[in-house]
Amino acid sequence: MDMNMDVKDLIAKLKKGGGKKGAANKKGGNPVLAFFDKNPKMKIILPLILLLIAAAVAVAFIVTGAKTDVDVNTDAGKPQGEAVDVMPMLERPIGEALEDGANPFDEDAIANAKLKGTMYNSNGYWTALVETKTHSYVLQVGDYVSNSDWLVEEINDNSITFSMGDKKRTVEIKA
């Protein structure tokens with residue numbers, strides 16, 4: 001560039017596109033700059049549109065009362081009202097198991113049944129957890145035990161009563 005060139009010559013040269021920058025724009029340079037060269041008013045209109053959008057979003061947050069910072073609810077995974085304990089899988093010693101095909105609630109097996117717990121839910125139902133030598137059962141009144149004829153007749157806070165025809169057995173929670 002000539003150091004003796006005055007400002008008028010420089011502006012005229014830029015308007016003609018004689019500079020390297022102008023030549024690059026015309027030969028496939030930056031299309032955004034080319035757009036703004038063709039539409040100089042857009043240099044003012046686009047920023048105004050972006051400001052209006054930002055203002056509209058800010059007003060919407062203020063009017064609706066939407067929170068931008070979310071508090072984490074630490075009690076979300078905890079049961080509300082009733083608590084439920086999940087019983088661990090119990091592995092019984094092989095020597096204690098009954099022979100294959102034996103009904104765990106037949107006359108001998110029901111004598112070995114243990115009541116592990118009872119609970120009363122808000123719908124008015126009692127539920128009992130009963131454990132035998134080979135199985136664990138979650139039972140309610142009216143349930144038949146597995147594939148046997150033993151019917152759950154009654155459950156209360158510390159016992160469960162089974163019936164099979166005329167026979168009745170009551171199993172209580174033992175400490």
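**Confidence, fold and a nonpolar patch**

Over residues 21-25 the pLDDT stays under 50, and the model has six contacts there beyond four places in sequence. Here pLDDT is the predictor's confidence in each residue, from 0 to 100, and a contact means heavy atoms within 4.5 Å. The structure is a predicted model, in which local features need pLDDT of at least 70 and side-chain atom pairs count only at pLDDT 80 or more, while totals for chains, interfaces and linings use all residues. Residues are numbered from 1 along each chain as its sequence is written, and side-chain values use heavy atoms, with hydrogens and water left out. The average pLDDT of the chain is 76, and 63% of the residues score at least 70.

The chain has five helices and six strands, in the sequence order α-α-α-α-α-β-β-β-β-β-β. Helices (H or I, at least four residues) and strands (E, at least two) are DSSP runs, numbered from the N terminus. Among contacts with a separation of 6 or more, 33% join residues 24 or more positions apart.

Of the 175 residues, 15% are buried, that is, under 20% relative accessible area (1.4 Å probe, protein chains only). The chain exposes about 14200 Å², with 58% supplied by carbon and sulfur atoms; areas come from the Shrake-Rupley method with a 1.4 Å probe.

Helix H4 (residues 42-64) gives the largest share of the nonpolar patch, seven residues. One of the patch residues is Ile 53, which lies in helix H4. Ile 53 counts as partly exposed because its relative accessibility is 48%, between the 20% limit for buried and the 50% limit for exposed.

Conventions. Patches are made of residues with over 30% relative accessible area and no salt bridge: like charges are joined within 9 Å, nonpolar side chains (Val, Leu, Ile, Met, Phe, Trp, Tyr) within 5 Å. A salt bridge is a side-chain nitrogen of Lys or Arg within 4 Å of a carboxyl oxygen of Asp or Glu.
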